[in-house]
Amino acid sequence: MTEKINLAGNPFYLTGEQIKWVEDAYQKLTVKQKIGQLFCVMGQDYSIEELTNMAAEQGVGAVLYRPAPSGEIRENYARLDEAAPVPLLKAANLEEGGAGGTAEGTLFGWPMMVAATDDLSMAEKFAQVCAAEGREIGINWTFSPVSDLDLNFRNPITNVRSYGSSLKRVMAFTEVYMKTVQECGVAACAKHFPGDGVDFRDHHLHPTYNSLSSEEWYASYGRIYQNMIDKGLLSIMAGHIVQPNVAMRKNPDLTIGQCLPASQSRELLTGVLREEFHFNGVITTDATIMGGYCMTMPRREAIVASVMAGSDMLVFNTDFQEDYQYMMDALESGALTEERLNEAVLRVLALKAAVCQRAFVQPETDARGWHRECADKAVTLVKDIQHILPVTTDKYSVIRLIVIGKDDIRGKSMTATAVSYLEQEGFRVEVYEPLRDDLHGSKGLPGDRLTLYLANMETASNQTTVRIGWCPKHALEIPRFVMEEDAIFVSFANPYHLQDIPRIRTYINAYTATEDSIYAVLDKIMGKSEFKGVSPVDAFCGLADTRL
C-alpha cells in the first residue's frame, strides 16, 4: 500500500527509518483503530477518561483543545499519548499567535496586521512565536495559515484573519508562515480550500460559494495553494465552500445544484488537489459540525462522502460514537472502500512521522517585543483629509473618548488603557456615555475638543455581518458633527468600518486589539512615531463617499 503514497517525497520527506515506523504502526492498527485515525475530536467535548478510552480502543487520530491553561492541556496530551497505539496529532488554530492554543499564549496579531507591515521577516517572527508557544504544550499541527483572499468587504469571517486581497502578498506571507512553522516542528494546514472571501456569507452557517470563473480561480486561489504544495505544505483543510465553475470544469456532467462543498467534493479534492496539483499530503475537512457541512446530505452519508472524495481526516463530531459507527457500517457495506481507508490512514501516519519522529531546534523568540514591533509597523493611516495630525495639547485640551464594541482586551480595559495614556499626555478625558446625553448635541461644547473613537468589533464565527451597531438612543455616538468638530476613528478589529462612517475625516486601521497596539496607535496620533502600515485591502470598500 505504501507504494501508492510517496512517503520519501514531497511533502513528508521521510527517512527509511521513519518509513519503517509508518509501516510498523500501520500493521499494528486494528480495523477499528484505523477508522479512529480518521477523526480529529474536540477535547473539551469529552472527559479525559472518555478521550483516553477513545484513543486506546478506537484509535482516535487527533485531538484539538480550545485555549485552556497550559498545564491542563499538556497533562491531558501526555495521558492520551500513553493510551494511544500511535502518538496523536495535537491540533490548534494558531492563526493569531500562541493565544490560539493556550490561555497563556501571546496574541501576536491577526494575519492582516502582519501583512500590513509589508515585511516578510515579520511573517517569520509571527510563525516562530506560533510554533514555539504551540510546541511548548505539545501542539504539532496548526490549522493555519489562513490562505484566503479577502475580496469581499462584506464577508463576516475572512476579514482580518486573512493576509489581505493582494495575490502577491497572500502568496508570499502564507509561504513564509507555512515553511517557518514546519521548520519548527508544527505541521501547517492551509485553509479554507478552495478559498473563502468571495461570498458575503459565512460557511459556518450554510454552504457558501467561491463564484470566480475557473480561469480566475486557477490564476488566484489555485496559485496560492499550488505554491505552498510545491514548497512542502503538509496538509490542507477543505472548507464548506462550493466552487461550481472548477467542479463543473472537472466534471461537465454536473449541474450547479449537484456541486458539493469542497469538504465533500471528489472533483475538488481528488480531481484538483491530488491529480492536478499533485498534492501528496493530508487533506482534512473543516469542522463537520458546521451548517455548511451538515446541509448537503444526511450525516451518515456525508462523512463517508468526504473520505471517498479524498479527505483523510474529519474534524469534530456531532457525536463521536455515532460518527464512528457510521464509518464502521460504511466499511462493512462497501460504501467506504478498504483501499480508500488504508490510503487515508497511511497519510495520517506519515504526517505523524513528519512531526513526531524528528528532532526540531526551537528558535529563540521575543513574543512581546516582536508583537510591539509588528503593531508599530502595521498601524495604517487610511485617511486624514482634515490634516489634524499630530494631536497635541496646544490644539486640544479635551479628548472625548468613545469606545465601540468589546472593551475587554485579554483582561484589560481598552477604555482604561487609553484614558491613562491620554491623561499622562496632559489631556482632560471625557468618556462619553450616549445614554446619559441630554440631546443638546454640540451646543456649548469646547471648541478645543477632539472626539476619539476606538472600535473593537471582532470578526467571529456564526455572525452574519460585522457592522457597527449604534446606541438605540438616536445613535448619539455617531460622528454626527464632522463638519463642526474634529474627530478621529480608529478600528482595532475590522478594516472596513468606513462603510458605516463614510464622512469621518480621519480614519486609522490597527487590525488587532491589544494593549501594545493601543499604545502604538496613540503614539502615532501624538506624533511620537510615524505611520508605517500598508493597507492589505481596500479600506474604502470601493465606495465613492468614503473618500470624502
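**Cysteines and a helix pair**

Biologist: Why is C189 called buried?

Modeller: C189 has 0% relative accessibility, so C189 counts as buried. Buried means under 20% relative accessible area, exposed over 50%, and partly exposed in between (1.4 Å probe, protein chains only). The model is predicted: local features need pLDDT of at least 70, side-chain atom pairs count only at pLDDT 80 or more, and totals for chains, interfaces and linings use all residues. Residues are numbered from 1 along each chain as its sequence is written, and side-chain values use heavy atoms, leaving out hydrogens and water.

Biologist: What makes C294 partly exposed?

Modeller: Its relative accessibility is 36%, so C294 counts as partly exposed.

Biologist: How many disulfides are there?

Modeller: The count is zero. A disulfide is a pair of cysteine sulfur atoms within 2.5 Å. For C189, the nearest cysteine sulfur is that of C40, 9.5 Å away. For C294, the nearest is also that of C40, at 16 Å.

Biologist: Why are α17 and α18 called oblique to each other?

Modeller: Helix α17 (residues 414-424) and helix α18 (residues 515-525) pack at about 40°, with axes 10 Å apart. Under 35 degrees counts as roughly parallel, over 145 as roughly antiparallel, 65 to 115 as roughly perpendicular, and the rest as oblique. Therefore α17 and α18 are oblique.

Biologist: Which residues make the contact?

Modeller: From α17 come M414, T417, A418, Y421 and L422. From α18 come E515, I518, Y519, L522 and D523. Contact means heavy atoms within 4.5 Å.

Key
Axes are lines fitted to C-alpha atoms, for helices over the stretch in contact, and angles run from 0 to 180 degrees between N-to-C directions. Helices (H or I, at least four residues) and strands (E, at least two) are DSSP runs, numbered from the N terminus.
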